[in-house]
Amino acid sequence: YLRCGRRRVHFNQHVGLLQVGSIGIEILPKADRSNDTEKWRAHLLHMLAVATEVPIESPSAAHLDVRDQTLLELFIAQFVRAVQQLQREGLARGYRVVRENRPTFRGRLCVTEHVRENVVRKDRFYVEHATYDHAIVPNLVLHQTLALLGRLSLSPQLTNEVQRTARAFPDLPPFDVRRLRFDRLSLGRTTTRYRRALRIAEMLWRNVAPGPSAGAAPLVALLFDMNKLWESYVAALARRIALPSTTIRTQARRAFWRTKIEGSQSVRSLKPDLVIERKGSVDWVIDTKWKVPKNGRPDIADLRQVFAYNQIFKSPHGMLLY
């Protein structure tokens with residue numbers, strides 16, 4: 001992520017926010033010699049909104065009270081607004097299976113647990129039954145995310161909003177979000193509206209959640225690989241304007257080098273950033289580069305790279321997109 005020098009830190013290809021205790025460093029992308037921080041901050045928020053499909057608003061002159069918010073606080077503010085919107089609409093409910101030791105019989109008796117827990121208590125039943133309440137996974141994730149954000153060092157106004165939103169939740173059981181696979185979380189008819197809030201929650205847990213060991217000062221790192229972000233941004237724009245007969249692929253891969261050593265075969269593949277197919281055949285191969293070519297001329301290594309893509313994918317057109 002970075003290189004340490006004498007009384008300075010050199011950041012590599014990652015952008016975002018690095019915060020240690022009360023000291024925060026915002027790392028913005030830059031492609032020219034201007035020092036217009038607001039411009040590049042707005043560009044970064046726009047690219048994140050397009051690439052992640054999460055609408056992130058950049059504070060404007062009409063919102064002077066939030067112009068000093070960090071990038072992390074902008075993400076958190078968007079999350080809080082999304083959760084508050086869900087609360088105004090009414091949190092979803094669902095069925096879940098509960099196993100508990102209760103004074104009245106309900107559902108199915110768990111014989112093993114009943115004998116172990118109630119050998120001397122004849123007034124109890126260890127049962128398994130279905131209940132309909134707010135303790136469904138989407139609500140548990142949002143509730144635990146608010147609890148996580150409540151432990152961060154944020155502006156007083158945002159801290160109050162996080163606490164107020166958390167208090168508006170019903171009583172929910174604890175839930176370990178770290179073990180959740182967000183890509184396997186299925187949303188139904190009543191929870192489809194949770195998609196935006198859950199998407200931001202996933203980004204926050206991946207970047208903000210503290211590790212198992214704590215140091216003297218809390219560390220928060222919300223970082224994005226600029227090369228991958230630029231690639232995702234271009235791919236999202238390409239899909240928006242693609243014609244019906246055009247297919248945009250971002251994970252196309254073809255073998256470039258094969259060798260056999262002692263009976264085992266090794267394969268090296270080429271995977272361009274974007275492959276555009278038209279009517280079943282490759283028409284364009286695009287390689288995205290987050291850099292400015294010197295004197296407006298591409299590096300010879302970049303030319304060789306896109307030439308190899310054209311040869312392997314049998315594409316009549318290749319593009320270096322800086």
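I am working from a predicted model, in which local features need pLDDT of at least 70 and side-chain atom pairs count only at pLDDT 80 or more, while totals for chains, interfaces and linings use all residues. Residues are numbered from 1 along each chain as its sequence is written, and side-chain values use heavy atoms, with hydrogens and water left out.

**Helix H8**

The buried residues of H8 are Asp302, Val306, Ala308, Tyr309, Asn310 and Phe313, where buried means under 20% relative accessible area with a 1.4 Å probe, protein chains only. I found these residues packing against strands S10, S11, S12, S13 and S14, with contact meaning heavy atoms within 4.5 Å. After H8 comes Lys314, with a positive phi near 55°.

**Arg102**

I next located Arg102 in strand S5, residues 94-102, and noted that Arg102 is buried because its relative accessible area is 19%. Not counting residues up to four places away in sequence, Arg102 touches Asp123, Arg124, Phe125, Val127 and His129.

**Helices H4 and H6**

I then turned to H4 (residues 137-149) and H6 (residues 195-207), whose axes come within 10 Å and cross at roughly 45°; axes are lines fitted to C-alpha atoms over the stretch in contact, and angles run from 0 to 180 degrees between N-to-C directions. Residues of H4 including Pro138, Val141 and Leu142 meet residues of H6, among them Ala197, Leu198 and Trp205.

Notes: Buried < 20%, exposed > 50% of the residue type's maximum accessible area, 1.4 Å probe, protein only. Helix = DSSP H or I, 4+ residues; strand = E, 2+ residues; numbered from the N terminus.
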